[in-house]
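Colleague: Could you take one part of this model and go through it closely? Please spell out the terms as you use them.

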Amino acid sequence: MGQKTIYIVGLGLIGSSLALGIRRDHPDYRILGYNRGEKSRRIALEQGFVDEATDDFAAFADRADIIILAVPIEQTIAFLEELATLPLKEKVLVTDAGSTKEAICQAAEKYLGPAGINFIGGHPMAGSHKTGAISADINLFENAYYIFTKTSRTQKDAIARLTDLFSGLHARFIEMDAQEHDRVTSQVSHFPHILASSLMNQAGEYALDHPFTNNFAAGGFRDMTRIVESEPGMWTSILMTNPEPVLERIAEFQSRLSHISNLLASRDTDAIWDFFDKGRRTRKEMEIHKRAGVDSFFDIFITIPDQEDVILQILELLRGISVVNIRINEENREDIDGILQITFKNKEDLDRAASVIRTKTSYPITIS
Ligand code: NAD
């Protein structure tokens, strides 16, 4: 492919990480960046993931072959409206990175459709609570789904052009209807955020009368509430642009809570056991269990003491064996054993690792 000019609008976590991924496979492309605040513009220029930066959105629009809007959802919609009034290249392709898709696709139809501008919605399904160019991460989207949502005006070449542009992200590209995207993400992303924040708010208020709440919260509580650290503005926008599916998930969950509440009130031990068992079995079937998209998983669980250098010692023993993932399942007490979970690509690597750990250490191991 010849040289192209890419305009990334919003040099936050997502925009900057996309820029790094584009640079990896297309070092000859010119990357232009817009950012409202000076700090992320400066970082992006200093670190070289954009060639030029501006705080004037309209300034670079006419130079771009591809425009990627990576700003909050409301601002994405405002920029779509503004784009329709700007001089653009004839074959420009516009996409976005917003976490909800229907409102954005409708806005694109409304504003860009009449002008015949090629648009396709995009949602790179990875992120974190971090913000700004300082958090740019070239590996952010590795193995993550990258969803494209067409509008009635999307031209045939849109997905091919973007999968080529984003090849360096090493993401998994799929196409989906915008409405279905918003429904599925309401269940697995938007509603869980509400739950996590509710749990945190409940615990915070409970701690006023029961101060040890803050001390006893351990790994399970931390895992369930990690996402609460996300930026409130982003999550408010997500709910505001996907209200109906989320309201439906809330109502459905309320009846689930009532059900378990009734089981407990009637001391129905068997039904409660089934309830937990069903959750455990369902989780095993989900891709989440397959470690960030790695299709097969071979895990070793090593019980290790909380002592300096133990993890380094184990990694040293595993030198030469390809490790896919490492996780430390900590306990909340400093002096208690923890579990080191190491994932390998295949059974052969797992067996080699197990054999080394057994012969060279006395740490108990379990294999899955
Ligand atoms: P971020 O806060 O890191 O960056 C947002 C960028 O938008 C910043 O550069 C900021 O300067 C700019 N911005 C904010 N308000 C603006 C305004 N009113 N006018 C002009 N510029 C403005 O956020 P992010 O995580 O990079 O999110 C960007 C988009 O990506 C959002 O639409 C979000 O829904 C989506 N997204 C986020 C995640 C995630 O987990 N963070 C994941 C997937 C998609």
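**The annotated stretch and the ligand**

Modeller: UniProt, in an unreviewed entry, lists residues 6-22 as "transmembrane region"; such annotations may be inferred rather than shown by experiment. The model is predicted, with local features needing pLDDT of at least 70 and side-chain atom pairs 80 or more, while totals for chains, interfaces and linings use all residues. Residues are numbered from 1 along each chain, and side-chain values use heavy atoms, without hydrogens or water.

Over residues 6-22 the chain is 59% helix and 24% strand, with the end C-alpha atoms 9 Å apart. Helices (H or I, at least four residues) and strands (E, at least two) are DSSP runs, numbered from the N terminus.

Next, the ligand. It is surrounded by 24 residues, the closest being Leu-13, Ile-14, Asn-35, Val-71 and Ser-99; a surrounding residue has a heavy atom within 4 Å. Polar contacts are pairs of N or O atoms within 3.5 Å. A polar backbone atom of Ile-14 is 2.9 Å from a ligand oxygen, and a polar backbone atom of Gly-132 is also 2.9 Å from a ligand oxygen. For Ala-97, a backbone N or O atom lies 3.5 Å from an oxygen of the ligand. Taken alone, the ligand exposes 820 Å², of which the protein buries 84%; these areas come from the Shrake-Rupley method with a 1.4 Å probe. H1, helix H3 (73-83) and E6 each give two or more residues to the shell around the ligand.

H1 (13-25) and E6 (118-124) are also among the elements in contact (heavy atoms within 4.5 Å) with the buried residues of H5.

Definitions and conventions:
A polar contact is a pair of N or O atoms within 3.5 Å; within protein, one must be able to donate a hydrogen and the other to accept it, and residues adjacent in sequence count only if both atoms are side-chain atoms.
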